[in-house]
Amino acid sequence: MGVFDTIRQVLGWGAEADATRDADPEDLFGMSTAYVTMEADLDFVPSGDAALCFGDVDSTAFRDARAEVEAVLELGEEETGTTADFIEDAHGYQWVVLHDSDFENLVTSVHFAADTLMESGFGSRLLAALFAFERDETTAYWIYSFRRGAYYPFVPTGGRERDQKIEFKLQSVLDGELDVEDDTAYWYPMWPEGDTHPWG
């Protein structure tokens with residue numbers, strides 16, 4: 001399952017004091033044009049996967065909000081073909097993992113899930129939204145940090161290493177089209193286990 005480096009300090013609850021601005025689910029729609037640039041200018045194509053990560057809450061209201069997300073995404077599968085898996089990782093964090101060859105459907109579904117949790121009063125539990133891209137043997141992610149209200153690139157290469165050259169290239173090409181985090185100290189890794197995605 002997904003392994004976070006010092007998750008509570010970085011994307012977790014300790015990062016609230018470092019927030020630069022309020023996160024806005026509408027920011028997620030920036031990916032609707034960014035993915036075109038990723039392919040046209042950088043040869044990275046969508047992998048067909050996206051995910052939303054959030055912390056759990058032991059409350060009826062939170063369970064109701066999550067059930068609403070599950071129910072609507074299940075209904076949406078019939079219309080759009082977008083499939084959703086609900087996963088808990090080894091650290092107790094929850095993931096909504098979406099699969100669709102139509103990238104616009106992925107963006108819409110991630111936005112819906114995030115917006116529903118925020119409108120239900122659980123925006124503080126949202127950690128990150130991830131969009132995966134592929135080029136040759138390389139997988140690159142654009143990660144939206146709800147703690148920072150900004151995107152950043154993440155390109156793991158195996159063995160807990162990352163390709164910073166590609167990450168900076170992604171930043172240079174997409175900055176302006178996406179609200180990219182200026183402080184690279186906040187480009188936190190979300191390491192996959194083996195050859196899997198961060199969510200497992």
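Student: Is Ile143 buried or exposed?

Tutor: Ile143 is buried, at 0% relative accessibility. Buried means under 20% relative accessible area, exposed means over 50%, and partly exposed lies in between (1.4 Å probe, protein chains only). This is a predicted model: local features need pLDDT of at least 70, side-chain atom pairs count only at pLDDT 80 or more, and totals for chains, interfaces and linings use all residues. Residues are numbered from 1 along each chain as its sequence is written, and side-chain values use heavy atoms, with hydrogens and water left out.

Student: Where does Ile143 lie?

Tutor: In strand β6. Helices (H or I, at least four residues) and strands (E, at least two) are DSSP runs, numbered from the N terminus.

Student: Which residues is Ile143 in contact with?

Tutor: Leaving aside neighbours within four places in sequence, they are Ala128, Ala129, Leu130, Ala150, Tyr151, Tyr152, Phe154, Tyr188 and Met190. Contact means heavy atoms within 4.5 Å.

Student: Zoom out. How many helices and strands does the protein have?

Tutor: Four helices and 10 strands. From the N terminus on, the order is β-α-β-α-β-β-α-β-β-β-β-β-α-β. Buried residues make up 50% of the 200 residues.

Student: Which residues have the most contacts inside the largest nonpolar core?

Tutor: Met31, Leu52, Phe131 and Trp142, in a core of 60 residues. The largest share of this core, eight residues, comes from β5. A nonpolar core is a set of buried Ala, Val, Leu, Ile, Met, Phe, Trp, Tyr and Cys residues joined through side-chain atoms within 4.5 Å.

Student: On to α3. What does the helix span?

Tutor: Helix α3 covers residues 103-119, 17 residues in total. From first C-alpha to last it reaches 24 Å, close to the 24 Å expected at 1.5 Å a residue. That expected span is 1.5 Å times one less than the number of residues.

Student: Which elements do the buried residues of α3 pack against?

Tutor: They pack against α1, β2, α2, β4 and β5. The buried residues of α3 include Phe103, Leu106, Val110, Ala113 and Leu117.

Student: Why do residues three or four places apart point the same way?

Tutor: Because an α-helix has 3.6 residues a turn.

Student: And the ends of α3?

Tutor: Asp102 caps the N-terminal end, with a side-chain oxygen 3.0 Å from the backbone nitrogen of Glu104. After α3 comes Gly121, whose phi is positive, near 95°.

Student: What covers the buried residues of α1?

Tutor: The cover includes β2, α3, β5, β6, β7 and α4. Met31, Tyr35 and Leu42 are among the buried residues of α1. Just after α1, Asp43 takes a positive phi of about 65°.

Student: Is Phe29 buried or partly exposed?

Tutor: Phe29 is partly exposed, at 32% relative accessibility. This residue is found in the loop between β1 and α1. Leaving aside neighbours within four places, Phe29 is in contact with Val107, Thr108 and His111.

Student: Switch to β4. Why is it largely enclosed by the rest of the structure?

Tutor: Because five of the six residues of β4 are buried. β4 pairs with β2 in the antiparallel sense over six bridges, and six bridges also join β3 to β4, again antiparallel. Two strands pair if DSSP finds at least two bridges between them.

Student: Which residue in β4 is the bridge partner of Cys53?

Tutor: Trp95. Glu88 stands opposite Gln94 in β4.

Student: What's in the loop between β3 and β4?

Tutor: Asp89 lies there. Asp89 is buried, with a relative accessible area of 4%. The Asp89 side chain makes a polar contact with the side chain of Trp95, at 3.1 Å. A polar contact is a pair of N or O atoms within 3.5 Å; within protein, one must be able to donate a hydrogen and the other to accept it, and residues adjacent in sequence count only if both atoms are side-chain atoms.
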